[in-house]
Amino acid sequence: MAEIVYPPVIAAARTFFRALDVRFHLEGTENVPRSGGAVLVSNHISYLDFIFAGWAAHPSRRLVRFMAKQDVFEHRISGPLMRGMHHIPVDRGAGAGSYATALRMLKAGEVVGVFAEATISRSFTVKEIKNGAIRMAQATNVPVIPVALWGSQRFWTKGRPRKLLQRHIPLTILVGEPMYPKRGEDVNKHTLDLHERISTLVDRAQRTYPEITPGVWWQPAHLGGTAPTPEEAAALDAAEAAARAKKD
């Protein structure tokens with residue numbers, strides 16, 4: 001694919017992060033293959049996660065094609081950028097088309113990025129994940145790469161104002177060992193395994209984060225923060241979905 005948009009976007013992001021002195025800590029980036037297809041699956045805590053999850057593949061010189069909701073592609077600013085970077089629009093009412101596009105890209109040797117929780121986790125713990133990433137890997141015989149992000153929620157997350165110009169924010173990106181689910185194997189078992197792997201990575205990222213401050217909104221409840229518990233977050237998500245359905 002012609003890469004006219006993606007490289008300049010990466011260059012601009014690097015300049016922006018450098019200006020803000022974002023303090024990156026990356027581990028396990030060698031687990032992203034330097035060639036061939038792969039499904040990269042990250043936790044989801046911020047509206048900026050596609051940038052930082054993509055950063056996990058940068059040391060391997062790979063460009064990640066993220067699956068993202070159709071609304072992002074319809075926005076007058078983000079839409080042209082998303083299309084120019086060959087990301088994959090997901091229409092939740094007709095998901096077969098996006099799934100087929102992802103399979104085609106994987107077979108062509110691309111890295112496809114997936115946020116398997118589907119929506120941002122308000123509790124900053126890993127919600128139940130969908131099995132699509134495993135099914136895509138099985139169908140195309142490619143590895144699944146688990147990724148954990150921590151710190152991105154401090155810039156912009158659900159229910160909080162944007163604070164994109166904060167300086168000196170630590171940002172942790174941990175890449176786990178690849179999984180190799182094969183055709184015919186139990187999809188649900190592999191999905192549970194993937195959830196456990198991402199959860200373990202997220203927990204390590206949280207517990208080793210340079211700033212562990214009790215009582216702050218961006219810290220999960222089980223580590224002394226004031227973020228909603230998983231149960232409270234689920235109730236908020238349900239209320240939001242009901243309001244959206246009523247509006248539609």
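The model is predicted, so local features need pLDDT of at least 70 and side-chain atom pairs count only at pLDDT 80 or more, whereas totals for chains, interfaces and linings use all residues. Residues are numbered from 1 along each chain as its sequence is written, and side-chain values use heavy atoms, with hydrogens and water left out.

**The whole chain**

Along its principal axes, the C-alpha trace spans about 45 × 40 × 40 Å.

Switching to a surface, the chain exposes about 12500 Å², of which carbon and sulfur atoms supply 56%, with areas from the Shrake-Rupley method and a 1.4 Å probe. Of the 248 residues, 46% count as buried (buried is under 20% relative accessible area, exposed over 50%, and partly exposed in between, with a 1.4 Å probe and protein chains only). Among contacts (heavy atoms within 4.5 Å) with a separation of 6 or more, 74% join residues 24 or more positions apart.

**A53 in helix α2**

Select A53 next, which lies in helix α2, residues 49–55, and which counts as buried because its relative accessibility is 0%. Not counting residues up to four places away in sequence, A53 touches L40, S42, F66, F115 and L149. A distance drawn from the C-alpha atom of A53 to that of V202, 149 residues apart along the chain, comes to 13 Å.

Move to R122, in the loop between β5 (111–114) and α6 (132–140); with a relative accessible area of 16%, R122 is buried. Its side chain makes a polar contact with the side chain of D237 at 2.7 Å and another with the side chain of E240 at 3.2 Å. A polar contact here is a pair of N or O atoms within 3.5 Å, in which, within protein, one must be able to donate a hydrogen and the other to accept it, and residues adjacent in sequence count only if both atoms are side-chain atoms. Leaving aside neighbours within four places in sequence, the residues in contact with R122 also include K158, A227, P228, A233 and L236.

**Helix α6 and positive phi angles**

Select α6, where seven of the nine residues are buried, so that this helix is largely enclosed by the rest of the structure. The buried residues are G132, A133, I134, M136, A137, Q138 and T140. N141 follows α6 and has a positive phi, near 60 degrees.

D21, in the loop between α1 (6–20) and β1 (23–27), has a positive phi near 55 degrees although not a glycine, and is partly exposed at 29% relative accessible area. H86, in the loop between α4 (78–84) and β4 (88–90), has a positive phi of about 60 degrees, again without being a glycine, and counts as partly exposed at 21% relative accessibility.

How values were computed. Helices (H or I, at least four residues) and strands (E, at least two) are DSSP runs, numbered from the N terminus.
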